[in-house]
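Dear colleague,

Please find below the structure that I am handing over to you. My findings follow directly after it.

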Amino acid sequence: MIRFLHVLPPKWFAIVAWGTMFVVPTACGFIIFDFYGVFIGMVMGIAVIGYTIEHFMQLVSKKTALLVMNPLLFDSDGEAKIKTVLSGWNILYPWEQAKEDGYFSLERIRIPISETFPAKDGVPVKVTGSITISPDPKNLLNYLVSQSIVRDKILDRVRNFVSQIVAKKNAQTVRNEIKKIDRRVTNYFSTGINSSQEEKDGTKITSELEKKHGIVFENATVDIDYDDSYQQALTTKARAK
């Protein structure tokens, strides 16, 4: 019986249900009250459709997604199946339920970067910038369970990659190659650039992060300078001369 209810997709299920709600009262009105009964039945049918329409329709705000639970279908873990509906009017089965915490903004999320790493010559180098991501509408379930950890997971990857670059160069070289390093970071945290082995490795890692945490990488950028304390020491030294 449950499988039969889901033979038709929600849109066609609603059309059939509303059609039945309209036709049955109209036909009964004709049988009972003859010609005038048709109008009575039509009014009744429209009233019933108007009453039930809110159980079939779900409005989701712009740049927002919603997780909807179907209590009649279950996944492999025995939990009620959950699906994602996007912005606009959506037609659902009347028994499907919007989760209380199921609304998610699809706006971009900027994750700031502010770290200090030692260069090859031991000089502390300050790295700032940001990673921009957005929730993946097609993978919101993974984003749901990763919300509290996704920023830390991404920053861990950024720290690991950038610290290795800085550790292999002297501080002055790092400063002189800001644009080059920024481009390396941008290309590494991208899934569309694969002209080098480093970029291929980055594509693999980025794809894994996106799939595991339900996100999409939008952009990555960094800026580099001496650490504030080292910069102050250089300034003091220069004034002393």
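With a relative accessible area of 0%, V166 is buried. Please note that the model is a predicted one. V166 belongs to helix α4. Setting aside residues up to four places away in sequence, V166 touches F117, P118, A119, K120, V125 and V174. V127 is 39 residues from V166 along the chain, and the C-alpha atoms of the two are separated by 9.6 Å.

**Overall form**

The secondary structure of the protein consists of eight helices and eight strands. Its radius of gyration is 29 Å, whereas a compact globule of 241 residues would have a value near 18 Å. The C-alpha trace spans about 110 × 35 × 30 Å along the principal axes. Of the 241 residues, 37% are buried. Among contacts with a separation of 6 or more, 67% are between residues 24 or more positions apart.

The protein exposes about 14800 Å², and carbon and sulfur atoms supply 57% of that area. As to charge, there are 30 positive and 26 negative side chains, and the centres of the two sets lie 8 Å apart.

**Aromatic pairs**

The count of aromatic pairs comes to twelve. One of them joins F13 and Y93, whose rings are edge-to-face, at 5.6 Å centre to centre and with 75 degrees between the planes. This pair links distant parts of the chain: F13 is in helix α2 (residues 10–56), while Y93 is in the loop between β4 (88–91) and β5 (97–105), 80 residues apart. F13 and Y93 are both buried.

A further pair is formed by F35 and Y36, with ring centres 5.8 Å apart; it is edge-to-face because the planes stand at 75 degrees, and the cut-off for that class is over 60. Y36 counts as exposed because its relative accessibility is 63%, against a threshold of over 50%. There is also one aromatic cluster, formed by F13, W18, F56, Y93 and W95.

**Helix α2 at V24**

V24 is another residue of helix α2. Its relative accessibility is 44%, so V24 counts as partly exposed. V24 and M42 are 18 residues apart in sequence, and their C-alpha atoms are 9.1 Å apart in space.

Which residues is T132 in contact with, leaving aside its neighbours within four places in sequence? They are R108, I109, V216, F217, E218 and N219. T132 itself is placed in strand β7 (residues 124–135). With a relative accessibility of 16%, T132 counts as buried, the limit being under 20%.

In helix α6 (residues 178–188), the buried residues are I181, D182, V185, N187 and Y188. The elements that cover them include α4 (150–167), α5 (171–176), α7 (197–213) and β8 (215–226). An α-helix has 3.6 residues a turn, so residues three or four places apart point the same way. Helix α4, listed in that cover, is also the helix in which V166 lies.

With kind regards

Notes:
Residues numbered from 1 in each chain as written. Predicted model: local features only at pLDDT ≥ 70, side-chain atom pairs only at ≥ 80, totals over all residues. Heavy atoms only, no water. Helix = DSSP H or I, 4+ residues; strand = E, 2+ residues; numbered from the N terminus. Rg over C-alpha atoms; globule rule 2.2 N^0.38 Å. Buried < 20%, exposed > 50% of the residue type's maximum accessible area, 1.4 Å probe, protein only. Contact = heavy atoms within 4.5 Å. Areas by Shrake-Rupley, 256 points an atom, 1.4 Å probe, with all protein chains shown as cover. Lys, Arg positive; Asp, Glu negative; His and termini not counted. Charge placed at Lys NZ, Arg CZ, Asp CG, Glu CD. Phe/Tyr/Trp six-rings, centres within 6.5 Å; stacked < 30°, edge-to-face > 60°.
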